[in-house]
Amino acid sequence: MAPAAVDATVIVFDCGKSTAKKCDSDTFFNISKACLMKILQRKIFTNPNDHVGIIFMGTDDSINDLNEVCPEKHKYIAKGTNLTVTNWEMLELFEQHLKVNSVDASWVDALEVAVDYLEKETTGKKVKNAQIVLISPLAVEISCPDARHKVLVDDMKKVDADLTVITHNLPEDHTIERLVDDVNGILCTFSNALAQLMYFQQKKTRAMPWNVDLNIGSELKIKVSSYLYIKRPSYLKSWKTQAEYTEEEAQTSYQFFKNGERYDPNPEELIKAYMYGSTIVPYDTSNDIGLKTTGKSLMCIGFSPEKFIRPKFYTGSGTNIILPQKNCSVSSKMFYSLVMAMKKLGVVMIARRVYNIRSKPKIEVLIPCDKDGIPYLTMLELPFSDGIVDFHFNSFCDKKTAPSQEQLEAVDKLIDGMDLMTASEEDEEAFTSQNTINLTAQFTYRILAARALHPAQPLPALDDDLREHLIVPKKIQPLAQETSDELKRLFQLVPKAQSKKDIWLKKLFKPLANPDEPVEKASDEDGTNVLNVVESDIVEVGSVTPAEDFAFLMHRGEKFSTISAQIESVISSLVFSVTILQREKVVKAIFALREAVKVMESAYRYNEWITEFQGRLVERKKGEFWEDVIVKEGLGLITASEHSSSTVTDEEAQAFYKIDPNAVPSTSTAPETAGNVDDLFDDM
């Protein structure tokens, strides 16, 4: 397999005597060194396969091929590294040992050495893009005759290298400006260069088309091309594990055992398998034959009104743009007619997409769009049924929570005041997708670079330039603060008053930090503190103080299924086996059981019991007890709005309270499983 093409960059770095001069708040050398480190770090993080070579100018020694041929020329220029991939050892070496020298060198000589170096180092290599970067104050005045200038321009065009010159406050009519113009290069200052190098960014690549036939029905085929428009970036490569005290990469080894004895199997006899519990289920790849496709395809399944495909159903890891294939006029006409008809009818296309013969089919939605008079289709992936999680939320629209008109106006004012469309300093949109950087990636790059170069120092904090991307734009801060204060005034949090039942429950389920420590006695108004009156020798729930016994045993760590069955039995005895009903005792017992199952995430247990209990009450003609205790005290089914472990809706709970005293009792269990037959096994 032929080696892949690489990008080659030669950096000519000036460390001569003139770089010690002041440049703004620091010396030219320190600023240029920071610029060099940024370039190399970007190569490591975003383009790790790029080859980089370093040439130093202004060195005490002259180490280059042109100087060896003619020692009187190309002096004080040294080859720093070979053209190779960048690594942290290279950066560490430059940061610790690079210093200002006592001589200066000619930048023309340095560029000639760089061209010769690039030509020789890339011989036999497949180079995609070549670049020469010169970082120098260009302080040495030199003459570059036309003949020499022409040769240098021709040599740079011969190696097909782009030229970038980074300097500071270049005087007008400098010689290098002519060279930059002749080779179509770039001349920039430190401020521009550092602004570009401040953030690590992936190199932009040209999107490659995925060519396929869009099949509509059995006869119509449209040749289209799909281009990746938005994708989820992966900014860090996979980690490699190395031994702590060596530079060798960790190796993984496998051993095979049969009946407890080690053996070496034949690789052809090994197949994949899945573990289900302790059972090994072999999986033969021949089972995939029925799932194999005939190759890449994009087939229309049908059309649907756009309003039915809600944004919450968009999934996948990116967005694709579909256009007709180039140089195919027939397909272009059919494609444009299709898109315009879809826009006119307000429909989208549901399609089946297979990327290649090894890919599984996916369901996609193709949405008609138009930009600058060019119609196209936006393709997004849709989920299958097993990828949709159904959530049940409480309704916010009721009389108690309805906002006032003043509150609504305050929220409207907040939204208007924090409008980002003109929030930037230039009265343009702030936080646009094209200009918003990935802060997580940028901060990760910086702390990794700091750890690699300074392993013994603490990790740096978040820099101010990154922190600015986390705050509200300064232009809208005053109005945002004003409306926020108004919202605090209008939406005040008022503590909910505790009922007697809440106070009693809080005491009932308050754990004991130290069992030997005496518990503070409660006042008569708060009710009896159950943890004070129970005896430590209680072994089961009794009929005298069932709620207190149940709470004590629960806090002692007894098995919940056992004590819950005991209190259920005691409740039945107190309701069905006594002449005079002890209402308060029964209410407290049912209430304790109901709240305990919430703590144990077992709402279904109470719902099953109360449903069975309801049937027994109907059977025993105790409708009065049902209305007076269960309905009045709100001890019915636990709904999903009360606890997440329940699936009972509020409507089902309200219907549950309504019983017919003369009705024949039902033998069904909790209504949670008595709904739609299609959902019968969803919770198994």
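Predicted model: local features only at pLDDT ≥ 70, side-chain atom pairs only at ≥ 80, totals over all residues.
## Largest nonpolar core

The largest nonpolar core has 41 residues, and the members that touch the most others are Phe-550, Ile-571, Tyr-606, Phe-613 and Ile-630. Two or more residues each come from α15 (546-556), α16 (560-576), α17 (583-599), α18 (603-619), α19 (623-633) and α20 (650-657). Helix α17 gives the largest share of this core, 9 residues.

Leaving aside residues up to four places away in sequence, Phe-613 touches Ile-571, Val-575, Phe-576, Phe-625 and Ile-630. In soluble globular proteins, nonpolar side chains tend to be buried together.

## Second core

A separate core is made up of 33 residues, including Val-12, Trp-107, Leu-152 and Leu-163.

## Lys-598

Helix α17 also holds Lys-598. Lys-598 counts as buried because its relative accessibility is 16%, and the cut-off for buried is under 20%. Beyond residues up to four places away in sequence, the contacts of Lys-598 are Ile-638, Glu-642 and His-643.

## Cavity

The structure has 1 cavity of 30 Å³ or more. The volume of the largest cavity is about 30 Å³. Its lining consists of Asp-14, Ser-18, Met-57, Asp-104, Ala-105, Trp-107, Ser-136, Leu-138, Ala-139 and Val-140. Sorted by class, this lining has 6 nonpolar, 2 polar and 2 charged residues. Trp-107 lines the largest cavity and is also a member of the second core.

Key:
Residues numbered from 1 in each chain as written. Heavy atoms only, no water. Core = buried A, V, L, I, M, F, W, Y, C linked by side-chain atoms within 4.5 Å. Buried < 20%, exposed > 50% of the residue type's maximum accessible area, 1.4 Å probe, protein only. Helix = DSSP H or I, 4+ residues; strand = E, 2+ residues; numbered from the N terminus. Contact = heavy atoms within 4.5 Å. 1 Å grid on protein atoms, 1.4 Å probe; cavity = no way out; pocket = protein on both sides within 12 Å on 5 of 7 lines; lining within 4 Å. Points joined across faces, edges and corners; volume = space filled by probe spheres on them. Nonpolar A, V, L, I, M, F, W, Y, C, P; charged D, E, K, R; others polar.
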